[in-house]
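Reader: I would like a close look at one part of this model and its surroundings, described carefully.

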Amino acid sequence: MSWYVLRAISGKESKVKEYIDTEIKNGHYDGNVSQVLIPTEKKYVLSGSKRVLKEFNYLPGYVLVEARLVGEVAHRLRFTPQVLGFLGGQENPTPLRENEVNRILGKVDDLLDTPDQMSILFTPGEAVKVTDGPFAGFSGLVKDVDEEKRKVTVMVKVFGRETPLDLGFMQLERE
């Protein structure tokens, strides 16, 4: 089997994947299509005052399909709803080269291995600013970092006294 690229209507990649996966499950491809992949990456975006993890396509408009194009398989894939055709020719689609597949799949695997939390590590004694919660806007110094619980103890001056706050990594930024 080789990897091929289907051009899909931008924003409809997940519908194409869902449709082809259903067809595979129902046995309509007779084992000639093994898997469908949408290359995505996770990014943090600001939504109001909070950082939210969102998933974005890093190759928008493209769906990767591992298939053996025999008989009607190419025709069925090409005429899947929301699909514009194959990348690299409609009559004889060209498969991706092995190094291209490894690069794309390697990037997808790397993105799956990354933790769902931001990997901002703070060090004791570092100056930070609270960005979220009731103490937003306050500045202080990092006293302790608990990487396992992803919490930071920050010493903040409130009414002239130093007060310890236990905050998440997402609630802080470096000053």
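Just after H1, which residue takes a positive phi, and of about how many degrees?

Author: This is a predicted model, in which local features need pLDDT of at least 70 and side-chain atom pairs count only at pLDDT 80 or more, while totals for chains, interfaces and linings use all residues. Residues are numbered from 1 along each chain as its sequence is written, and side-chain values use heavy atoms, with hydrogens and water left out.

The residue just after H1 is Gly 27, whose positive phi is about 80 degrees. H1 itself covers residues 13–25, with helices (H or I, at least four residues) and strands (E, at least two) being DSSP runs numbered from the N terminus. Its 13 residues reach 18 Å from first C-alpha to last, close to the expected 18 Å, which is 1.5 Å times one less than the number of residues.

Buried residues (under 20% relative accessible area, against over 50% for exposed and in between for partly exposed, with a 1.4 Å probe and protein chains only) are, in H1, Glu 13, Val 16, Ile 20 and Glu 23. Seen down the axis of H1, these fall within an arc of 95 degrees, so they line one face of the helix; the arc is that of the directions from the helix axis to the C-beta atoms. Their cover, judged by contact (heavy atoms within 4.5 Å), includes strands E1 (2–8), E2 (33–37), E4 (50–57), E5 (62–67) and E6 (83–86), together with helix H2 (73–78).

Among these covering elements, Tyr 4 lies in strand E1 and Phe 86 in strand E6, and both residues are buried.
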